[in-house]
Protein chains: 2
Amino acid sequence: MVGYISIYVKLLFINDIKGKDMSYKILTIDTIKAYILNIPEIKSYLEDGDIEISEIGDGNVNFVYIVTNKDNQKSLIVKQAVPYLRIAGEGFPLSRERINYEIRALQFYEKLVPNLVPKIYYADEVMSLVIMQNLSKHIIMRKGLISTTYYPNFAEHISTFLAQTLFFSSSLYLDSTEKRTLIDRFNSNTELCKFTEDFVFTLPYMEDETNDINPDLLDEAKALFEENEFKKNVLKLKYIFMTQSDALLHGDLHTGSIMLNEQESYVIDPEFAFVGPFAFDIGALIANMINAYISHFYRSEGKAYQAWIIETIKEIYTQFETKFLALWAEHPNSALLKEGFIAEKELNEFKAEFMKNIFRQSIGFAGCKIARRVFGIAGVEDIRGIEDKQKRKEAELMALRIGKDLILNYEKIDSLEALIERLEVV
Amino acid sequence: MVGYISIYVKLLFINDIKGKDMSYKILTIDTIKAYILNIPEIKSYLEDGDIEISEIGDGNVNFVYIVTNKDNQKSLIVKQAVPYLRIAGEGFPLSRERINYEIRALQFYEKLVPNLVPKIYYADEVMSLVIMQNLSKHIIMRKGLISTTYYPNFAEHISTFLAQTLFFSSSLYLDSTEKRTLIDRFNSNTELCKFTEDFVFTLPYMEDETNDINPDLLDEAKALFEENEFKKNVLKLKYIFMTQSDALLHGDLHTGSIMLNEQESYVIDPEFAFVGPFAFDIGALIANMINAYISHFYRSEGKAYQAWIIETIKEIYTQFETKFLALWAEHPNSALLKEGFIAEKELNEFKAEFMKNIFRQSIGFAGCKIARRVFGIAGVEDIRGIEDKQKRKEAELMALRIGKDLILNYEKIDSLEALIERLEVV
């Protein structure tokens with residue numbers, strides 16, 4: 001199925017998709033129609049008819065538009081990056097090249113897991129623009145989790161996404177040259193990597209003006225900033241994030257980067273993509289499932305729903321590991337391995353230790369991703385959106401306890417059972 | 001002293017040094033004179049006079065010439081890469097861009113440790129050529145070690161080289177963008193990285209036609225190839241080599257890449273340069289000192305000289321660590337650290353664990369670098385050059401025992417004392 005991926009890495013990355021217009025301009029509601037109808041494949045997709053364009057208000061980083069042809073029920077998404085952070089305005093410059101990394105990652109994913117990412121209809125790195133499938137029948141997973149919706153197929157889908165994208169972009173599959181070519185294509189995604197370095201691994205644990213602290217928790221925040229033992233492990237994990245080049249990561253795989261319904265799941269917005277540690281995407285996902293779990297102590301008291309979340313975390317990791325190891329077994333030659341180098345028994349021992357290391361680091365990253373949401377710039381709706389002030393405060397403190405516990409102990413948490421136990425006694 | 005390095009990383013790497021002639025051609029003894037005298041700064045350096053050009057026979061990879069003006073005692077080295085491995089001929093293609101990485105590394109080193117690398121007079125990436133200082137009063141260290149010469153200043157020099165070059169190219173000093181820029185500049189040195197992956201971490205431990213096995217040790221080689229326990233750790237170390245982006249490495253820091261005399265030491269030939277694990281350069285150096293140590297059980301029975309080698313290994317590591325930590329203390333802000341993030345005590349604990357990890361990995365890499373010399377393609381003169389066949393065989397077996405022991409136990413060897421003990425009971 002994916003035998004052509006290594007050739008794909010070589011070829012695709014030489015020929016960027018580029019538009020005909022060689023200069024960048026920011027599109028608006030008024031100019032967007034002319035632009036898209038000038039692209040033959042888009043014109044033909046939309047067919048003739050009454051085209052309506054509206055901006056999606058929640059595009060924090062980029063401008064995002066929905067284009068609909070009401071007559072024939074066709075629609076698509078136009079996403080354009082501007083040279084600043086959209087939500088903050090021109091006073092917060094941010095290179096518009098960030099969207100290139102999203103385009104490149106989506107192109108990579110499309111070959112591997114076409115049913116788990118939105119289809120790209122057109123991409124133009126010069127215009128910092130991408131036109132893609134409108135997921136009109138799906139909602140942002142975070143909202144689904146808040147409203148206690150069950151997604152029976154999600155663990156199956158996302159474990160496939162993780163196994164496929166991480167394995168096929170790693171040195172366990174690619175050869176040495178292909179891996180370096182991949183690194184080259186994402187290495188300059190510096191600004192967004194630095195966002196993570198700052199806002200996941202640094203500022204939420206110290207006095208900083210970017211923090212957004214619940215006024216009811218000022219003392220607790222102050223106390224946290226003076227704790228130092230867990231920060232040693234935050235530094236370790238930050239160093240791994242910055243220097244460990246395992247595989248192409250989505251880079252921001254929280255439940256706001258997933259759109260789904262009960263049948264289908266899609267991963268969106270990989271603009272933080274870069275070659276980093278396997279465990280970071282896995283950890284981000286587990287963290288956000290745990291945040292949902294925490295929130296339901298205070299939102300719904302829905303024990304059954306919490307049990308489903310825990311079961312889903314287990315399923316995601318177990319299936320990820322099984323699928324990843326199956327891919328590894330199917331591909332005995334890579335930058336790392338040469339068939340015949342080592343006997344089966346010892347190779348399997350090596351793999352088991354390798355996977356255990358991914359698991360442990362996933363727990364550590366999950367801890368950071370949970371803890372940073374408490375006092376850092378970016379909270380999560382699951383918890384910050386709890387309306388009762390007392391309950392919100394308790395939920396935040398629980399998130400802090402769990403996050404810190406996972407950070408402090410990640411090197412010792414060796415199994416899903418050990419993880420779940422810690423979640424159940426909070 | 002090095003406050004300008006971060007700016008330097010940014011600037012230097014934008015403006016490559018380029019010659020005026022925009023096409024590549026291979027120079028010969030006959031054409032080299034016209035080429036170099038066409039470069040004003042070289043012409044002026046050599047002044048007028050009787051210029052003599054001779055090829056250095058031991059350039060295995062590149063063509064290397066000495067240019068001498070006999071009248072005024074000036075001389076220099078001209079080194080040009082050809083699109084194949086020089087010693088193997090055109091049947092062994094090798095991208096001539098490899099020399100760019102050597103030029104870039106030497107330029108980086110020159111700013112940090114100008115007295116420990118040859119001076120570059122001229123560099124031309126288009127011609128794949130570099131003109132540099134002729135180290136006429138220095139010999140290749142490996143030869144010096146074979147002839148039991150003492151180098152009382154070597155540990156001081158090389159520990160400075162390691163501390164300066166590793167620290168200032170790491171995320172402990174550079175900011176996030178500078179680090180990625182550095183990675184970009186060396187990431188495509190794929191062919192030479194692959195040499196290491198193959199010839200240090202893979203082929204010397206399995207049946208392969210590239211191996212060069214002493215006919216007296218065919219049974220021992222066969223037995224080694226069937227051992228599997230130590231290969232698990234070889235895989236671990238290979239994976240670290242391939243994916244851990246700590247700092248700019250020389251990449252081939254054995255005693256053949258050092259020229260020295262009793263007063264001065266120079267590091268040469270960094271064509272394997274890339275951003276990799278701190279421990280790899282340190283391990284390469286320790287390995288080659290250990291090879292010299294082993295050789296003197298059979299060459300000279302020079303116990304005093306062996307004691308000096310052991311003392312030098314200790315001094316190198318101790319001084320490296322002291323200097324590296326001093327630099328770290330002087331620079332409290334970096335991609336990794338933000339002043340005020342963590343208290344002094346815990347920061348020092350973090351650093352201590354960080355350094356211990358570098359030490360352990362250095363031992364592991366040293367083990368591979370020793371073991372691969374026994375049956376692999378590239379032996380070392382120290383041991384393979386022992387004329388008495390019985391003694392050579394014993395020395396090779398000792399190297400194998402030591403190499404394997406260090407590979408198997410590197411995660412447990414926590415101190416120089418523990419390392420030295422293992423060397424003394426072989």
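The model is predicted, and local features need pLDDT of at least 70, side-chain atom pairs count only at pLDDT 80 or more, and totals for chains, interfaces and linings use all residues. Residues are numbered from 1 along each chain as its sequence is written, chains are lettered from A and ligands numbered from 1 in the order in which they are written, and side-chain values use heavy atoms, with hydrogens and water left out.

The interface comes first. In chain A, 52 residues are in contact with 52 residues of chain B. Contact means heavy atoms within 4.5 Å. Between them, the two chains bury about 4500 Å². Carbon and sulfur atoms account for 57% of this area. Buried area is the accessible area (1.4 Å probe) that two parts lose on being put together, summed over both. On the side of chain A, A:Arg180, A:Tyr239 and A:Phe341 lose the most area to chain B. Together they make up 19% of what that side buries.

Helix 7 (176-186), helix 8 (190-199), helix 10 (229-243) and helix 13 (344-375) of chain A each supply at least two residues of the side that touches chain B. Helices (H or I, at least four residues) and strands (E, at least two) are DSSP runs, numbered from the N terminus. Helix 10 of chain A gives the largest share of that side, 10 residues. By type, the side of chain A that touches chain B holds 23 nonpolar, 12 polar and 17 charged residues. Here Ala, Val, Leu, Ile, Met, Phe, Trp, Tyr, Cys and Pro count as nonpolar, Asp, Glu, Lys and Arg as charged, and the others, Gly among them, as polar.

A:Thr243 lies in helix 10 of chain A. This residue is buried, at 1% relative accessible area. Buried means under 20% relative accessible area, exposed over 50%, and partly exposed in between (1.4 Å probe, protein chains only). A polar atom of the A:Thr243 side chain lies 2.7 Å from the backbone oxygen of A:Tyr239. Neighbours within four places in sequence aside, A:Thr243 is in contact with B:Ser171, B:Lys179, B:Thr243, B:Gln244, B:Ser245 and B:Asp246.

Side chains of opposite charge can pair when their charged atoms come close. A salt bridge is a side-chain nitrogen of Lys or Arg within 4 Å of a carboxyl oxygen of Asp or Glu. The count is 40 salt bridges over all chains. Between chain A and chain B there are 4. One salt bridge joins A:Lys236 to B:Glu353, at 3.0 Å from N to O. A network of salt bridges links A:Glu229, A:Lys232, B:Lys345, B:Glu346 and B:Glu349.

Other salt bridges lie within a chain. A:Arg142 pairs with A:Asp382, the closest N and O atoms being 2.7 Å apart. The two residues sit 240 residues apart, A:Arg142 in helix 5 (residues 141-146) and A:Asp382 in helix 14 (residues 381-384) of chain A. A:Arg142 is buried at 9% relative accessibility, and A:Asp382 is buried at 0%. In chain B, the side chains of B:Lys79 and B:Asp269 meet at 2.5 Å, N to O. B:Lys79 lies in strand 3 (residues 74-80) and B:Asp269 in the loop between strand 9 (265-267) and strand 10 (274-276) of chain B, so the pair ties together parts 190 residues apart in sequence. B:Lys79 is buried at 5% relative accessibility, whereas B:Asp269 is partly exposed at 25%.

Helix 16 (residues 416-424) of chain A has a buried set: A:Leu416, A:Leu419, A:Ile420 and A:Leu423. These residues cover an arc of only 95° around the axis, so they are on the same side of helix 16 of chain A. The arc is that of the directions from the helix axis to the C-beta atoms. The buried residues of helix 16 pack against helix 11 (278-298), helix 12 (303-330), helix 13 and helix 15 (389-409) of chain A.

Conventions. A polar contact is a pair of N or O atoms within 3.5 Å; within protein, one must be able to donate a hydrogen and the other to accept it, and residues adjacent in sequence count only if both atoms are side-chain atoms.
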